[in-house]
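Here is a friendly walk through some helix packing, a salt bridge and the confidence of a model. Please keep the structure open beside you as you read.

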Amino acid sequence: VVLFRPFLARAVVPARLGNLGGQYWDDSSENVQPLDIQGKYLKICSELGTRPLSMVLPQLNGESIEIRYASLTEREARAMAALLKCHQKFKSFTLSKSRVKTESISILIQSLKSSNLDSLTLSGNKLSHNLCQNFQKFSKFVTYLSNLGLSNNHLLDRGISVLVSNFKEHNSLRTLNLSNVQMSLSGAKQIGVLLAHCPRLEELDLSMNSITEKGAAFVAAGLHESHTVRGVRLAKTGISAKGVVALASGWIDKNADLCLDLSGCNFQSVACLYLAALVSAVGGMSCKIKLVLNGTIFSGVGGECLLREASASENTTLLADKSRMLTLEKTSKFEIDLSDRAGKVAAKVLLNHDRENEEAGRKTSTIQKVVSEKLADWGLQDKPEVSNKDILVKCMESLSGDHRDVVKLDVGVNGRMEDKI
């Protein structure tokens, strides 16, 4: 009994968890030690009566948290918000492609008041325009964000309007992703205002929004006023010739690097000509330009000018994966405004192109030669009573391989081949 007495004299003390100065601690040991970050998160979940997210636990030792394909309840959102408040090392938070209610997003945004987050991504959650209203409600909590991603949500134009009213005086925003947020002309107009008022914005993504050529004009005006934007994504936005002309004209006087993504947009010949003018102007400057035109149809003489200028410029990178060159029209008519610098450079590019073709003896493209030869074979060159539609049918029947595919593509996109022939 005497031998075992020291062991019996020490009573077993149950572990107690508490909070002292924002640090969770465990007094079951002789030396009180603060709990690690995982212990904090587990304790918070226990107090709120919810389960910890298994995908979050392995990430707690880093500086970023990424949650994907989750069903985030309100209690789970409160637990995450409490974690962001008590632990200041997290710089990036991503919640994407998850089933989450607006109330839960509101709780997370409110937690930004006490966090040090620099990057916030809430993409692919199919949230409504009420998300932007949350930013307005907690505007003073989010004005120091540098990176904001809200793509693939149902923000609509009114959501964009609320967002712009909150961020147009924001001094820290560097990247903004608003791709596929169901924006139209009105939203694009607001983006033009944002571009003119964000002094540090560097990258803007508006892909897969139906902003059309008029919306592109508003964006171009904002880019002209901005001194910091270097990357703009406008892929699959329905921008046609006038929109491209506005973008090129707005940037041609800037001696600044630019990455412009217009993938999936099918341009008329004049649009390609103005892009060629932009490339030509950059050639005499110290800046660099990168054009991303994947899945694009380069049309007419303007397309030929663009490819020629891009290949000759050391300051230009042109990415055109899965793109096609279409030069079916026998003649090209351009309306060029010579009152601005873009129009003057475009005219110079066109004249140089014609001069080089004359010197090389190239007056028509391969497809134009095929069409001309077939018209001569059929005796249709001097018969105006024969409709252009019948001529087109004969041409398509005679062409083979890639040429025929190109003609079909252009018919599908433009729907007006009479002007082309």
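Helix α10, residues 241–251, packs against helix α11, residues 269–282, with an angle of about 10 degrees and axes 8 Å apart. The two helices, α10 and α11, are therefore roughly parallel to each other, as an angle under 35 degrees counts as such. Their crossing is left-handed.

The protein chain has an average pLDDT of 76, and 71% of its residues score at least 70. Which stretches call for care? Over residues 364–368 the pLDDT stays under 50, and the model has 12 contacts beyond four places in sequence for them. Residues 400–421 also have a pLDDT below 50, with 37 contacts in the model beyond near neighbours in sequence. Where pLDDT is low, the predicted coordinates should not be read in detail.

Helix α8 (residues 185–197) and helix α9 (residues 212–225) have axes that come within 7 Å and cross at roughly 5 degrees. This makes α8 and α9 roughly parallel to each other. On the α8 side, the contact is made by Leu185, Ala188, Lys189, Ile191, Gly192, Leu195 and Ala196, and on the α9 side by Lys214, Gly215, Phe218, Val219, Gly222, Leu223 and Glu225. The classes in the contact of α8 with α9 are 8 nonpolar, 3 polar and 3 charged residues.

The next pair joins α3 and helix α4 (residues 102–110), whose axes come within 9 Å and cross at roughly 10 degrees. Therefore α3 and α4 are also roughly parallel to each other. Here Glu74, Ala77, Arg78, Met80 and Ala81 of α3 meet Ser104, Ile107 and Leu108 of α4. This contact of α3 with α4 has 5 nonpolar, 1 polar and 2 charged residues.

| Helix pair | Axis distance | Angle |
|---|---|---|
| α10 and α11 | 8 Å apart | about 10 degrees |
| α8 and α9 | within 7 Å | roughly 5 degrees |
| α3 and α4 | within 9 Å | roughly 10 degrees |

Now for the salt bridges, of which the structure holds 8. One of them links glutamate 74 with arginine 78, and their closest N and O atoms are 3.2 Å apart. Glutamate 74 and arginine 78 are 4 residues apart in helix α3 (residues 74–86), so about one helical turn separates them.

Finally, take a look at threonine 121, which is found in strand β8 (residues 119–121). What does threonine 121 touch, leaving out residues up to four places away in sequence? Its contacts are Phe93, Thr94, Leu95 and Gly149. Threonine 121 also lies 9.0 Å from glutamate 66, C-alpha to C-alpha, although 55 residues separate threonine 121 and glutamate 66 in sequence.

Methods
Residues numbered from 1 in each chain as written. Predicted model: local features only at pLDDT ≥ 70, side-chain atom pairs only at ≥ 80, totals over all residues. Heavy atoms only, no water. Axes fitted to C-alpha atoms, helices over the stretch in contact; angles between N-to-C directions. Parallel < 35°, antiparallel > 145°, perpendicular 65-115°, else oblique. Left-handed = near helix turned anticlockwise from the far one by under 90°. pLDDT = per-residue confidence, 0-100. Contact = heavy atoms within 4.5 Å. Salt bridge = Lys/Arg side-chain N within 4 Å of Asp/Glu carboxyl O. Nonpolar A, V, L, I, M, F, W, Y, C, P; charged D, E, K, R; others polar.
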